[in-house]
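Welcome! Please take a moment to look over the sequence and turn the 3D view around before reading on.

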Amino acid sequence: MTFNDPTSSIGTLAYEATIADLQAAMAAGTLTAEALTMACLERINALNRAGPCLNALIEVSPSALETAIALDAERDVRGPRSPLHGIPIVLKDNIDTLDDTATTAGSLALIGSRPAAEATVAARLRAAGAVLLGKANLSEWANFRSTSSSSGWSARGGQARNPYVLSRSPCGSSSGSAIAVAASMCVAAIGTETDGSISCPSAMCGVVGIKPTVGLTSRAGVIPISSTQDTVGPHARCVADAATVLGIIAGPDPHDPATAAAAGHVRPDYRTCLQADALRGARIGVLRSDRFAGFGRHVEQAFAAALTAMRDAGAHVVDPVALPDELLTFNEAELTVLLYEFKATLNRYLASRVPDPQAATPAPRSLEELIAFNEQHAEHELRFFGQELLVQAAAVGNLDDPAYQQALAASRDATRQTLDTLLYEQQLDALVAPATGLAWPIDLIGGDRYPGGSSSLAARAGYPMVTVPAGMAFGLPIAINFIGTAWSEPMLIRLAYAFEQATKLRQPPVYRQWIVGDE
């Protein structure tokens with residue numbers, strides 16, 4: 001069974017159009033932000049809760065169209081503010097806004113309060129003239145709640161569905177952001193990553209994702225997991241669009257001390273990195289591991305073809321490069337770091353929320369109160385899986401605990417040293433690896449059948465990674481990750497763009513119910 005893809009009120013322009021295409025049309029007077037926003041709203045109406053029922057968005061901003069109309073009037077008088085002027089963008093529902101949408105991490109618990117301030121990334125997008133279209137569904141609490149969760153499920157948004165094969169997982173936690181971009185419900189979206197939460201949904205939903213160096217983009221006003229691993233980045237249908245959005249949201253922010261180091265590294269416009277011949281002469285190391293075997297032979301074949309394309313484009317491919325297997329997957333040291341940091345940062349965040357005096361149930365002000373809320377509302381919050389990670393986090397000590405300090409050294413510090421040494425000694429511009437396996441069947445009762453991924457290396461180090469479509473199998477997307485050292489976004493964008501232009505492997509979704517050959 002395949003659902004028909006709806007046409008928009010402005011024809012094929014809105015579907016799969018790039019930011020550059022849309023800005024050119026608006027400059028020529030053949031398109032307005034109002035018409036573009038209306039086209040996105042029509043697709044949301046047709047695809048989100050109707051038709052294939054993607055459940056990508058939790059809510060749409062009632063003022064989005066009004067904002068677009070005002071931006072059109074401003075363009076006529078003053079010209080565009082930035083490359084994002086009039087461009088509809090969706091935010092993950094863990095990014096604070098002070099508009100007519102809530103910020104809840106997908107949880108019913110936060111309906112009884114509102115953020116104290118708007119997230120810096122949201123404010124920068126508004127200042128750039130973007131139309132903030134609404135809030136995307138996600139794995140509740142950014143998937144740091146249960147060890148047997150179903151990616152893309154939240155109590156507020158329900159189960160998000162992969163737009164390529166609806167019975168398959170979209171991965172998480174930035175599920176809705178990737179789905180909305182893939183299905184052209186918006187032009188671009190913002191996700192967050194602690195370990196794989198931008199990369200995995202990008203890979204399984206056939207879009208580009210940029211996971212920046214920790215500190216390149218502000219986390220102020222973002223519901224946290226980890227002070228050392230959390231980062232905010234874009235999803236888009238092409239590398240050029242992702243680079244455009246990154247240039248708007250990147251840079252120092254006094255509300256996030258980790259961004260101070262970005263002052264010497266941020267670029268005002270990452271579109272200057274879009275070089276189609278960037279693979280020529282590049283040295284790229286190929287990560288190999290037995291742990292990647294679970295991705296399956298179709299992913300292996302697509303990865304081999306991707307390496308051939310890089311060689312054909314003039315890259316020097318160093319295959320293989322060796323790293324300890326424990327650095328390539330989520331491990332106990334990383335879990336320990338996340339548990340400690342989640343407790344500290346979430347308690348601080350929850351205490352900052354402003355209560356709603358009209359709320360029937362007060363919103364939790366601490367991790368312990370959140371756990372109690374979920375227990376009291378178990379029929380909604382704990383219907384499919386539990387909250388083991390919340391309970392574990394509540395039980396750990398403070399950040400001055402030696403157990404935390406030792407885990408941080410074993411996780412972040414050791415990974416950085418090993419990765420930087422490898423890149424330096426072999427004179428590599430970047431590493432490349434398959435992103436993950438094919439999307440697995442959604443199973444709300446049994447949870448995810450995640451085959452593993454290549455995100456943990458960059459996640460623990462706090463280093464950047466770009467995810468790019470690299471093929472299809474059974475109607476499901478396959479992707480690769482380019483991984484580099486700190487602040488190497490310009491190089492990774494160059495390589496990803498050159499690979500994308502050489503291969504052009506992304507295909508739009510077709511909303512099948514089952515995998516190809518099983519209908």
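This is a predicted model: local features need pLDDT of at least 70, side-chain atom pairs count only at pLDDT 80 or more; totals for chains, interfaces and linings use all residues.

Residues are numbered from 1 along each chain as its sequence is written, and side-chain values use heavy atoms, with hydrogens and water left out.

**Pockets**

- Rolling a probe the size of a water molecule over the atoms shows where empty space is left.
- On a 1 Å grid over the protein atoms alone, a pocket is an open set of points where a 1.4 Å probe fits, with protein on both sides within 12 Å along at least five of seven lines; its lining residues have an atom within 4 Å of a point.
- Grid points are joined across faces, edges and corners, and the volume is the space filled by probe spheres set on the points.
- The largest pocket holds about 760 Å³ of space, and 31 residues line it.
- Nearest the centre of the largest pocket are N143, S146, D195, F330 and Y450.
- Both α9 (332-352) and α12 (388-395) give at least two residues each to the lining of the largest pocket; helices here are DSSP runs of H or I with at least four residues, strands are runs of E with at least two, and both are numbered from the N terminus.
- That lining of the largest pocket splits into 12 nonpolar, 17 polar and 2 charged residues, where Ala, Val, Leu, Ile, Met, Phe, Trp, Tyr, Cys and Pro count as nonpolar, Asp, Glu, Lys and Arg as charged, and the others, Gly among them, as polar.
- The second largest pocket has a volume of about 630 Å³, and its lining is made of 34 residues.
- R219, A220, G221, V222 and Y349 lie nearest the centre of the second largest pocket.
- Two or more residues of the lining of the second largest pocket come from each of β7 (188-193), β9 (231-236) and α9, with α9 giving the most, 4 residues.
- For the second largest pocket, the lining divides into 12 nonpolar, 13 polar and 9 charged residues.

- Helix α2 (residues 33-47) has 15 residues and spans 21 Å from its first C-alpha to its last, close to the 21 Å expected at 1.5 Å a residue; the expected span is 1.5 Å times one less than the number of residues.
- Which residues of α2 are buried? They are A33, L36, T37, A39, C40, L41, R43, I44 and L47, where buried means under 20% relative accessible area, exposed over 50% and partly exposed in between, using a 1.4 Å probe and protein chains only.
- An α-helix has 3.6 residues a turn, so residues three or four places apart point the same way.
- The buried residues of α2 pack against α1 (19-28), β1 (57-60), α3 (64-78), β2 (88-92) and β4 (131-136).
- Helix α7 (residues 239-249) is mostly covered, with 10 of its 11 residues buried, among them V239, D241 and I249.
- After α7 comes G251, which has a positive phi near 130°.

**Two buried loop residues**

- N162 sits in the loop between β6 (158-159) and α5 (175-182), and N162 is buried at a relative accessible area of 0%.
- A polar atom of the N162 side chain lies 2.9 Å from the backbone nitrogen of Y164.
- Not counting residues up to four places away in sequence, N162 touches L54, R168, S169, P170, M204 and A439, where contact means heavy atoms within 4.5 Å.
- S107, in the loop between β2 and β3 (113-114), counts as buried at 0% relative accessibility.
- Leaving aside neighbours within four places in sequence, S107 contacts E140, W141, R156 and E381.

**Backbone angles**

- Most residues other than glycine have a negative phi, and most peptide bonds are trans.
- G172 and S173 are joined by a cis peptide bond with omega about 15°, and S173 lies in the loop between β6 and α5.
- The bond from D319 to P320 is also cis, with omega near 0°, and P320 belongs to strand β11 (residues 316-321).
- N143 is not a glycine, yet its phi is positive at about 70°; N143 is in the loop between β4 and β5 (153-154) and is partly exposed at 24% relative accessibility.
- F474 has a positive phi near 60°, lies in the loop between β14 (465-473) and β15 (476-483), and is partly exposed at a relative accessible area of 38%.

How values were computed: A polar contact is a pair of N or O atoms within 3.5 Å; within protein, one must be able to donate a hydrogen and the other to accept it, and residues adjacent in sequence count only if both atoms are side-chain atoms.
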